[in-house]
Amino acid sequence: MKFLVRERIFDIGDDFWVENEEGERVFLVDGKALRIRKTFELKDMDGNELLVIRKKLISMRDTMTVEREGEPVATVRKRLFNPIKDKLIVELAAGGEWEITGDFFDKEYEITDDAGPIAIISRKWFRLVDTYAVDVNTFREDAGGDPALVLAIAVCVDTMTGDDDEDEDDE
């Protein structure tokens, strides 16, 4: 299952449309402008809030949380700094961890766990700065069963590994 995430042009905040393989809009990532900390809401096309993604204000390492109906679903943390490879860990509230590894220069990331690949996040084929693809492994029941969670994690990766981290003073 492939998704294309595109930033909405001429919008206040970081808003993104998420399209499916047929080019249909299926989700909206609503970036909340004028907030103290980065906050995004992942909504379906009826405007229903599915997940809320927030950057933690104070933490030793860059950290974001994903919540569903006010309850934490996942926490994404950056591992120790490496100038070539990015590495993040996703701690799932239901138990278990996902590991995200990627290439800082090429902006290619893979989400995996002990059972194998969950998704690939790629900017490889896109010239537009704020466009990337998320390919969810639908053969995995845990990943394919909740593409909204995988897309929320992709928003965390994009935010935490972006070149424009203007609020790095949170650390």
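Helices (H or I, at least four residues) and strands (E, at least two) are DSSP runs, numbered from the N terminus. The model shown here is predicted, and local features need pLDDT of at least 70, side-chain atom pairs count only at pLDDT 80 or more, while totals for chains, interfaces and linings use all residues. Residues are numbered from 1 along each chain as its sequence is written, and side-chain values use heavy atoms, with hydrogens and water left out.

**View A. Ala93 in a loop.** Ala93 sits in the loop between strand 8 (85-92) and strand 9 (97-103). With a relative accessibility of 56%, Ala93 counts as exposed; the classes are buried for under 20% relative accessible area, exposed for over 50%, and partly exposed in between (1.4 Å probe, protein chains only). Apart from its neighbours within four places in sequence, Ala93 is in contact with Pro72 and Val73, where contact means heavy atoms within 4.5 Å. Ala93 and Ala74 are separated by 19 residues in sequence, yet their C-alpha atoms are 5.5 Å apart in space.

**View B. Glu69 and its backbone angle.** Most residues other than glycine have a negative phi. Glu69 has a positive phi of about 55 degrees although it is not a glycine. The residue Glu69 belongs to the loop between strand 6 and strand 7 (71-78). Is Glu69 buried or exposed? Glu69 is exposed, as its relative accessible area is 76%.

**View C. The aromatic pair of Phe3 and Phe27.** The structure holds 1 aromatic pair. Rings of Phe, Tyr and Trp (its six-membered ring) pair if their centres lie within 6.5 Å; planes under 30 degrees apart count as stacked, over 60 as edge-to-face and the rest as tilted. The pair of Phe3 and Phe27 is tilted, with 6.2 Å from centre to centre and 55 degrees between the planes. Phe3 is in strand 1 (residues 2-7) and Phe27 in strand 3 (residues 25-31), so the pair ties together parts that are 24 residues apart in sequence. Phe3 is buried, at a relative accessible area of 6%, and Phe27 also counts as buried, at 12%.

View D. Side chains of opposite charge can pair when their charged atoms come close. A salt bridge is a side-chain nitrogen of Lys or Arg within 4 Å of a carboxyl oxygen of Asp or Glu, and the structure holds 7 of them. One of these joins the side chains of Lys43 and Asp30 at 3.3 Å, N to O. Lys43 is in strand 4 (residues 39-44) and Asp30 in strand 3, so the bridge ties together parts that are 13 residues apart in sequence. Both Lys43 and Asp30 are buried. A network of salt bridges links Asp30, Glu41 and Lys43.

**View E. Arg54 and Lys55 in strand 5.** Arg54 forms a salt bridge with Glu67, and the closest N and O atoms are 2.7 Å apart. This pair links distant parts of the chain, with Arg54 in strand 5 and Glu67 in strand 6 (residues 63-68), 13 residues apart. The side chains of Arg54 and Glu67 also make a polar contact (2.7 Å); a polar contact is a pair of N or O atoms within 3.5 Å, and within protein one must be able to donate a hydrogen and the other to accept it, while residues adjacent in sequence count only if both atoms are side-chain atoms. Arg54 counts as partly exposed, at 22% relative accessibility. Arg54 and Thr39 are 15 residues apart in sequence and 4.5 Å apart in space, C-alpha to C-alpha. Lys55 lies in strand 5 (residues 49-55) and is buried, with a relative accessible area of 2%. The side chain of Lys55 has a polar contact of 3.1 Å with that of Asp62.

View F. A nonpolar core is a set of buried Ala, Val, Leu, Ile, Met, Phe, Trp, Tyr and Cys residues joined through side-chain atoms within 4.5 Å. Among the 39 residues of the largest one, Val66, Trp98, Ile111, Val134 and Ile153 touch the most other members. Helix 2 gives the most to this core, with 11 residues. Leaving aside neighbours within four places in sequence, Ile153 is in contact with residues including Val66, Ala74, Trp98 and Ile111.
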